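Grab a pencil and work through these exercises with the model open beside you. Try each task before you read its solution.

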Amino acid sequence: MTAFYQNVPSEAAKQIDSISLVIYELREDRKLILGRYDVTDEAGLLARIAAGEIDEHPAYEDYLGAKTLAQTREALREQLREVLATGV
């Protein structure tokens with residue numbers, strides 16, 4: 001195992017660990033939603049809805065949910081980058 005947390009302050013290591021876990025969970029939840037419709041991204045889901053290949057309900061709600069998960073994940077990735085850069 002690598003010494004990733006070596007020389008990282010304890011509080012920063014805790015933040016990195018907790019943020020990383022939430023990022024992972026968001027990614028997996030998004031994959032589950034999109035997998036229901038056999039698409040890899042929100043645009044694919046929206047295209048299938050627009051083409052009438054799948055019913056709007058609950059697909060559109062799932063589209064919004066997947067999009068929110070992706071946006072939240074990206075915001076947390078930015079927060080993680082900041083913690084890694086500053087070590088705070």
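Two residues are in contact when they have heavy atoms within 4.5 Å of each other. Before you start, note that this is a predicted model, where local features need pLDDT of at least 70, side-chain atom pairs count only at pLDDT 80 or more, and totals for chains, interfaces and linings use all residues. Residues are numbered from 1 along each chain as its sequence is written, and side-chain values use heavy atoms, with hydrogens and water left out.

**Exercise 1.** Leaving aside neighbours within four places in sequence, find the residues that I49 is in contact with.

*Solution.* Start at I49 and skip its neighbours within four places in sequence. What remains is I54, E56, A59, Y60 and Y63.

**Exercise 2.** Work out how many helices and strands the protein chain has, and how spread out the chain is.

*Solution.* Step one: helices (H or I, at least four residues) and strands (E, at least two) are DSSP runs, numbered from the N terminus. By that count there are 3 helices and 0 strands, in the order α-α-α from the N terminus on. Step two: the radius of gyration is 17 Å, well over the 12 Å that the globule rule gives for 88 residues, so the chain is more spread out than a compact globule. (That radius is taken over C-alpha atoms, and the rule is 2.2 Å times the number of residues to the power 0.38.) Step three: look at the box that the C-alpha atoms fill, roughly 55 × 25 × 15 Å along the principal axes.

**Exercise 3.** Is T40 buried or exposed? And E42, buried or exposed?

*Solution.* T40, in the loop between α1 and α2, has 70%, so T40 is exposed. E42, in helix α2, has 12%, so E42 is buried. Now check contacts, again skipping residues up to four places away: T40 touches R30 and L34, while E42 is in contact with R30, L34, Y63, A66, K67 and A70.

Technical notes: Buried means under 20% relative accessible area, exposed over 50%, partly exposed in between (1.4 Å probe, protein chains only).
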